[in-house]
Amino acid sequence: MSAEFEQLVAEFDKFQSKLQNVDDRLANIGGMQDELSRLEATATSPDRSVTVVAGPGGAIMDVRFTEEALRQRPEGLSAALMSTIQQAVAESARKQATIVEEHMGDDLHLVDQVLETQAELFGTTVEDLKAQMEDAPARERAEQPDDYSERSVLRSEAEPQQPTPPPAAASDGDRFLKNLFDEDDR
């Protein structure tokens with residue numbers, strides 16, 4: 001009977017250890033959610049004419065074009081934009097998997113699963129994608145706009161709204177147009 005009792009005690013200790021591990025992981029969820037909410041992944045086209053910023057879940061947060069981008073043929077610009085979006089979203093997924101794995105443990109090998117799936121989708125190797133992940137922080141620090149002519153396509157909340165100057169002497173037509181545009185901004 002004592003051998004059975006010792007085995008039960010050992011199983012109970014193992015069970016308690018697993019519960020403690022789950023408790024520890026759940027305690028980190030708030031930090032993980034905070035990191036995930038601040039996640040940004042930036043990708044730039046090879047010719048540096050298009051830059052895309054993706055956020056949590058691959059949501060596109062910003063798209064920037066240089067003057068050179070606007071000189072491209074529509075088909076070329078469209079292809080560059082789609083490719084850059086794809087890169088930014090893929091990098092966002094890799095970053096998300098890394099954050100989740102850091103907080104929840106790598107029991108599921110989430111980063112490996114994401115890398116394998118992306119390697120298959122993009123026709124590359126897991127090793128190449130891992131190298132991109134290692135190079136990403138250095139690229140982000142070194143990446144500065146070539147010039148100040150880059151323009152954001154999406155309105156940023158950080159950008160201050162320019163107040164419209166009051167009209168000198170407003171006619172009925174001016175008041176109509178002002179009211180029309182003010183209604184569109186709401």
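Start in helix α1 (residues 2-27) and select Lys-14 and Glu-11: these two sit three residues apart, so about one helical turn separates them. Helices here are DSSP runs of H or I with at least four residues, strands are runs of E with at least two, and both are numbered from the N terminus. Show the side chains. Lys-14 and Glu-11 meet in a salt bridge, 3.7 Å from N to O. The term requires a side-chain nitrogen of Lys or Arg within 4 Å of a carboxyl oxygen of Asp or Glu. Lys-14 is partly exposed at 45% relative accessible area, and Glu-11 is partly exposed at 43%. The classes are buried (under 20%), exposed (over 50%) and partly exposed (in between), with a 1.4 Å probe and protein chains only.

A word on the model. It is predicted: local features need pLDDT of at least 70, side-chain atom pairs count only at pLDDT 80 or more, and totals for chains, interfaces and linings use all residues. Residues are numbered from 1 along each chain as its sequence is written, and side-chain values use heavy atoms, leaving out hydrogens and water.

How many salt bridges does the structure hold? There are six. Select Glu-68 and Arg-71 for another one; their closest N and O atoms are 3.0 Å apart. Glu-68 is partly exposed at 44%, while Arg-71 is exposed at 59%. Next, pick Glu-75 and Arg-73. Their side chains form a salt bridge of 3.7 Å, N to O. Glu-75 is exposed at 52%, and Arg-73 is exposed at 63%.

Move to Glu-101, in helix α4 (residues 74-104). Which residues does Glu-101 contact beyond its neighbours within four places in sequence? They are Asp-106, His-109, Leu-110 and Val-111. Contact means heavy atoms within 4.5 Å. Now label Val-111. A polar atom of the Glu-101 side chain lies 3.0 Å from the backbone nitrogen of Val-111.

Check its backbone: phi of His-109 is near 55°, a positive value in a residue other than glycine. Most residues other than glycine have a negative phi. His-109 is partly exposed at 42%.

Last stop: Arg-48, in the loop between β1 (41-44) and β2 (50-54). Is phi of Arg-48 positive or negative? Positive, near 65°. Arg-48 is partly exposed, at 33% relative accessibility.

How values were computed
A polar contact is a pair of N or O atoms within 3.5 Å; within protein, one must be able to donate a hydrogen and the other to accept it, and residues adjacent in sequence count only if both atoms are side-chain atoms.
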